Amino acid sequence: MARMAVSVLAILLASCAVAAASFDKEFDVTWGDGRGKILNNGQLLTLGLDKISGSGFQSKHEYLYGKIDMQLKLVPGNSAGTVTAYYLSSQGPTHDEIDFEFLGNVTGEPYTLHTNVFTQGQGQREQQFHLWFDPTNDFHTYSILWNPKHIIFMVDDMPIRDYKNLEGKGIAFPKNQPMRLYSSLWNADDWATQGGRVKTDWSHAPFSASYRGFKADACVVTAGGRPRCGASVGTEVAPGTGAAGEWYNQELDLTRQQRMRWVQRNYMIYNYCTDPKRVAKGVPAECSM
């Protein structure tokens with residue numbers, strides 16, 4: 001009986017470690033004058049957009065490497081002109097940033113999933129995708145795995161992009177600047193939909209995006225500036241006892257590389273490495289590697 005009780009306790013503790021964190025404990029709604037709301041005892045967050053303002057939130061913690069998961073349900077119907085941004089970023093003119101942005105579209109036309117990586121203030125590493133499902137019908141999980149060797153973008157655990165650390169080839173990689181997690185819903189009808197040709201139809205406002213299931217297995221930067229690894233956000237470990245999880249050394253195995261190539265072959269609609277305008281000025285170094 002004692003052995004069984006210990007086993008049950010271990011299962012319960014493991015379940016707690018991976019449970020979704022509470023939004024009110026992990027995030028601050030930072031702008032929007034009430035258009036961003038934390039609901040359902042901290043298990044749901046919604047952002048709103050109308051003609052006056054959008055809204056946004058940010059994490060209370062900063063991270064230096066980690067695996068971040070968030071479930072999103074995007075603006076339904078005619079979402080043209082709207083952008084739902086979900087990204088990690090540091091601050092300042094030489095900031096690092098890892099972006100998911102969801103560009104809305106007219107009813108019946110697909111969202112564009114826009115990804116980008118900034119290093120030391122330099123971006124322009126865009127890859128864009130259509131999705132293989134309707135992201136407005138239900139929640140789907142969008143993940144960033146950031147470790148010393150890779151930045152891997154995932155959708156429902158399907159890898160879609162792998163930005164590798166090529167510092168040995170003289171290409172910068174985010175590794176020294178802690179980043180917060182941010183998200184916002186805002187109007188960008190000057191560029192977001194069909195190059196800005198389709199504007200936001202405010203007769204459909206207010207627009208709303210929903211979030212749940214946030215998890216961060218990450219190295220969290222403490223008040224003293226040092227990262228503390230080894231616990232999912234929302235759980236506690238004794239100081240000095242933690243170690244980073246499997247994500248810290250994770251790479252794509254052959255099967256997952258094949259899945260990523262399948263996505264890129266069938267759903268990628270833009271790649272900065274093959275943009276004729278970019279190529280004419282010289283292919284970025286990482287594109288030839």
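**A close look at Asn105**

Tutor: Start with what surrounds Asn105. Leaving out residues up to four places away in sequence, Asn105 touches Gly77, Asn78, Ser79, Ala80, Pro110, Thr193 and Gln194. Contact here means heavy atoms within 4.5 Å. The model is predicted, with pLDDT of at least 70 required for local features and 80 or more for side-chain atom pairs, while totals for chains, interfaces and linings use all residues. Numbering runs from 1 along each chain as its sequence is written, and side-chain values use heavy atoms, without hydrogens or water.

Where does Asn105 sit? Its place is the loop between strand S7 (97-103) and strand S8 (112-118). Strands (E, at least two residues) and helices (H or I, at least four) are DSSP runs, numbered from the N terminus. Asn105 counts as buried because its relative accessibility is 11%. Buried means under 20% relative accessible area, with a 1.4 Å probe and protein chains only. UniProt, in an unreviewed entry, lists Asn105 under "glycosylation site". Such annotations may be inferred rather than shown by experiment, and the positions follow the numbering used here.

Now step along the chain. Gln120 is not a glycine, yet its phi is positive, about 55 degrees. Tyr65 is another non-glycine with a positive phi, near 80 degrees. Tyr65 belongs to strand S5 (residues 63-73). With 10% relative accessibility, Tyr65 counts as buried. Most residues other than glycine have a negative phi, and most peptide bonds are trans. The bond from Ala205 to Pro206 is cis, with omega near 5 degrees. Pro206 lies in the loop between strand S13 (180-187) and strand S14 (207-221).

Compare a strand residue. Ser55 lies in strand S4 (residues 55-59). Ser55 is at 0% relative accessibility, so Ser55 counts as buried. A polar atom of its side chain lies 2.8 Å from the backbone oxygen of Gly48. Setting aside neighbours within four places in sequence, the contacts of Ser55 include Trp31, Arg35, Leu47, Gly48 and Ser183.

Finally, step back to the whole chain. It has four helices and 16 strands. Of its 289 residues, 48% count as buried. Among contacts with a separation of 6 or more, residues 24 or more positions apart account for 65%.

Note on methods
Buried means under 20% relative accessible area, exposed over 50%, partly exposed in between (1.4 Å probe, protein chains only). A polar contact is a pair of N or O atoms within 3.5 Å; within protein, one must be able to donate a hydrogen and the other to accept it, and residues adjacent in sequence count only if both atoms are side-chain atoms.
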